[in-house]
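Here's a quick walk through one protein model, from a spot on its surface to a helix packed inside. Have a look at the sequence and the fold before reading on.

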Amino acid sequence: MTSAKDTASFFSRGTSAQFEYVLALYPQVLKLKAENKCKKPDELIRLDDWYQNKLPQLIKKRGKDQYMVHEELVQTMKWKQTRGKFYPQLSYLIKVNTPRAVQAETKKAFRKLPNLEQAITALSNLKGVGTTMASALLAAAAPETAPFMADECLMAIPEIEGIDYTTREYMNFVQHIQATTDRLNRECHPADSTSELTSNSSSSSRSISSKKTGNGMYGKNAESDESGSSSNEDSSSGPSPARKHKTNKSIDCIQL
């Protein structure tokens with residue numbers, strides 16, 4: 001039987017080929033989980049297919065101002081509780097939300113992306129939506145930015161010893177996910193990584209050169225320029241948004 005230590009080691013050191021292999025096992029593992037956990041195994045398989053494949057398409061089709069409708073919110077909670085722990089109170093609270101509130105708050109949250117903290121704060125205005133449920137909604141709308149805060153994934157993070165369903169823990173989780181996707185992308189697209197490094201180096205050189213005077217020293221406005229740059233960074237609330245990367249199956253598997 002695989003231990004938490006083994007999964008943490010895989011998460012940190014697994015190659016793209018190994019991630020591809022594990023991802024290919026997902027349907028089989030889902031079926032086994034459904035058979036062991038559910039009275040109606042087909043229900044979890046159906047719900048998972050809806051959440052993983054159909055819901056993202058439904059949201060995307062709504063154009064620039066994307067949102068979710070009440071039925072989709074209820075269905076997502078049903079998927080989450082069928083695959084994990086069931087809390088009757090949460091199922092009740094989710095249904096209490098009005099269709100108007102669901103559309104307004106999800107639209108507000110999706111507009112906040114890629115700022116995950118602000119997006120989660122907006123979704124918390126909905127009854128029954130905590131950090132984990134919020135991450136599920138965001139993952140459906142923007143899987144390249146927001147991973148789902150599943151217990152299995154949390155326990156695979158090397159530095160996480162217990163599960164803490166807070167926004168802070170989620171942001172820690174996101175950082176580890178981002179580091180892993182970066183590592184796998186560098187492995188899968190080494191030429192792109194080299195090109196990006198060269199481009200960044202050239203950009204930095206041009207930036208430095210533009211601030212220098214004829215004698216090789218910084219011009220007298222250099223300090224104010226740096227100050228202005230720092231001010232612009234501080235004006236953006238929350239952490240820096242996660243960079244978008246080329247996706248492939250080896251990356252997707254850490255979000256399932």
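Let's start with valine 22, which sits in helix α2 (residues 16–24); helices here are DSSP runs of H or I with at least four residues, strands are E runs of at least two, and both are numbered from the N terminus. A word on the source: this is a predicted model, where local features need pLDDT of at least 70 and side-chain atom pairs count only at pLDDT 80 or more, while totals for chains, interfaces and linings use all residues. Residues are numbered from 1 along each chain as its sequence is written, and side-chain values use heavy atoms, with hydrogens and water left out.

Areas come from the Shrake-Rupley method with a 1.4 Å probe, and for residues only the protein chains shown count as cover.

| Residue | Relative accessible area | Class |
|---|---|---|
| Valine 22 | 37% | partly exposed |
| Cysteine 153 | 11% | buried |
| Cysteine 188 | 32% | partly exposed |

As for disulfides (cysteine sulfur atoms paired within 2.5 Å), a search of the whole structure turns up zero.

Zooming out, the protein has 14 helices and zero strands. Of its 256 residues, 35% count as buried. The accessible surface comes to about 15,500 Å², with 52% of that belonging to carbon and sulfur atoms. Contacts (heavy atoms within 4.5 Å) reach well along the chain: among those between residues at least 6 apart in sequence, 64% join residues at least 24 apart.

Now for α8. Most peptide bonds are trans.

Which residues of α8 are buried? They are Leu116, Ala119, Ile120, Ala122 and Leu123. Seen down the axis of α8, these buried residues fall within an arc of 160°, so they line one face of the helix; the arc is taken from the directions from the helix axis to the C-beta atoms. Their cover includes α7, α9 (131–141) and α11 (167–188).

Technical notes:
Buried means under 20% relative accessible area, exposed over 50%, partly exposed in between (1.4 Å probe, protein chains only).
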